[in-house]
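Subject: Structure for your review

Dear colleague,

Please find the sequence and the structure below. A summary of what was found follows them.

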Amino acid sequence: MDKPLLSEKTKESERWDSYQYLQRNSSSARNASFAGAGVTVEEVRSASALSDPPALYPPVLTSPVSLPTQQAIGYPSASGAGHGLQKQVLDEIEIRELLIDHIGHRCCWGSRPARTWKIRAVEDCNVYVGTLDTFIEEREALTQTVPFTGGNFNGKKHGSAPELWQLDLRSQFPTLFVPYKETQVPVPHSETVDKCSGCTGRGEVVCPTCNADGDPGFYKENQVMKCPACYGRGLIAHKDGSDTVCGDCNGKGKLPCPNCQSRGLIKCQSCHGTGSLLTSSLAVVKWKTLSKRKVSATRGAGSVPEEVFHRAEGVQLCNTQAYQCTPAYFADSYFLNKFSSEVISLRAEVPTTANVVCERHTISVVPVTRVTMEDRGKAFNFYIIGFGKEIYMKDYYPARFCWGLCPCLEWLKV
């Protein structure tokens, strides 16, 4: 089963919290959960074939590489003033240091390839995830009819029934952006008591078993039916030629109607014999989140192992909440501005019976970097995952000396 592409570690979200872009609307609020949670590797593969966001790194490492730092990304403030995108340098020395530190935890791995092999390429395999969540409230009125057993009822004499959207449901209101919640609320002063139309207020209807062929509204009492055990003879015949009195009908050959005991009438099922029905209006209220998501991935992301994305930690670049979200503005990125507009354009269609409560727009990035090292015709790859710069190496490393004879293989399962 696919795991979430973006993790939800609170420490990292707190470190990046100051870089979230919040709309000026007073309804905006911060949300630490990552927008890309649940994005599958299949979506990344599809997105990498259709889109190609701008790369953070050059295809061949000829000079130090720029990487946005945790203290660097500045986005527009409420006043609209943006900050320049500061960067830190991810150069050859730091790449080798990260790899050597990773190898140092493997007791039988040699550090020579990490120290001496040439870095042939540094490829950007990052993934951008944009979502637009539309939280709606939907109301529908249903008519409910139950048997009236007597007593007081809340009818028009106590006041006029309110309109559907005039009902005060603040006590029932759920947390914003819950996936789904439903409740049913009786509409005040909407109850009415009427005569049951099925039995015209009598509480009984003609038995359909013994009066099936009678005229509508008329019935006959003491109707009987042929005994099925003796076929109306009153006697049971045996193989030896003898007869005995039928025990079911006591020799009469006839039985009373099993449905009404030959009364000709049975209890009305609509009113349960009361003769009256209580009709009321019921408001069915549903809260739900309509989500739209767009994934944009570099071409290199299509060949990244699945385990890398499962371990990658995403960073939330934008989190906007408003009645109706507009595209986010990034002073230093045309791509992010365009990507945000594309996500907003995917807005879900709202049913005619629903109202929009709030929208939430988020953009997250999952930074993954693939480094290729080469020497004398041999090469191997490893990945630098997330802004925490975790090293991931799946299989091949050219300097292993344990040959399966020491416990270090347990590290490979991590």
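Arg120 is placed in strand β3; helices (H or I, at least four residues) and strands (E, at least two) are DSSP runs, numbered from the N terminus.

The model is predicted: local features need pLDDT of at least 70, side-chain atom pairs count only at pLDDT 80 or more, and totals for chains, interfaces and linings use all residues. Residues are numbered from 1 along each chain as its sequence is written, and side-chain values use heavy atoms, with hydrogens and water left out.

Overall composition

The chain holds 6 helices and 18 strands. Of its 414 residues, 42% count as buried. Contact is taken as heavy atoms within 4.5 Å; among contacts in the chain between residues at least 6 apart in sequence, 79% join residues at least 24 apart.

The sheet around β16

An open sheet is formed by 4 strands in the order β3-β16-β17-β18, with antiparallel pairing. Two strands are said to pair if DSSP finds at least two bridges between them. The edge strands are β3 and β18 (390-392), each of which pairs on one side only. From one strand to the next, the twist averages 25°; axes are lines fitted to C-alpha atoms, for helices over the stretch in contact, and angles run from 0 to 180 degrees between N-to-C directions.

β3 and β16 are joined in the antiparallel sense over 6 bridges, and Ala121 stands opposite Thr372 in β16. On β16 and β17, the antiparallel pairing extends over 8 bridges. Here Arg370 stands opposite Tyr383 in β17, and Asp375 has Lys378 of β17 as its bridge partner. The hairpin of β16 and β17 has 2 residues between the strands, and Arg376 takes a positive phi near 55° in it. Because 6 of its 8 residues are buried, β16 is largely enclosed by the rest of the structure.

Nonpolar cores

A nonpolar core is a set of buried Ala, Val, Leu, Ile, Met, Phe, Trp, Tyr and Cys residues joined through side-chain atoms within 4.5 Å. The largest such core has 18 residues, of which Leu99, Val371, Met373, Phe380, Phe382 and Tyr397 touch the most other members. At least two residues of this core come from each of α3 (92-103), β3 (118-124), β16 (368-375) and β17 (378-385). α3 gives the largest share, 4 residues. Leaving aside neighbours within four places in sequence, Leu99 is in contact with Ala114, Met373, Phe380, Phe382, Ile391 and Met393. Another core, of 17 residues, lies apart from this one and has Tyr128, Leu317, Ala322 and Ile363 among its members.

Aromatic rings

The structure holds 9 aromatic pairs. Rings of Phe, Tyr and Trp (its six-membered ring) pair if their centres lie within 6.5 Å; planes under 30 degrees apart count as stacked, over 60 as edge-to-face and the rest as tilted. Phe148 and Phe153 have ring centres 6.0 Å apart and planes at 90°, so this pair is edge-to-face. Phe148 is buried at 17% relative accessible area, whereas Phe153 counts as partly exposed at 28%. Tyr383 and Tyr392 form a tilted pair, 6.4 Å centre to centre with 50° between the planes, and both residues are buried.

Ring pairs also link Phe135, Phe173, Phe177 and Trp287 into a cluster. Arg360 lies over the face of Phe177, at 4.3 Å from the ring centre; a charge sits over a ring if NZ of Lys or CZ of Arg is within 6 Å of the ring centre and within 35 degrees of the ring normal.

A loop residue

Tyr329 is found in the loop between β14 (315-322) and α6 (334-344). With a relative accessible area of 43%, Tyr329 is partly exposed. Tyr329 and Ser341 are 12 residues apart in sequence, and their C-alpha atoms are 9.5 Å apart in space.

Yours sincerely

Key. Buried < 20%, exposed > 50% of the residue type's maximum accessible area, 1.4 Å probe, protein only.
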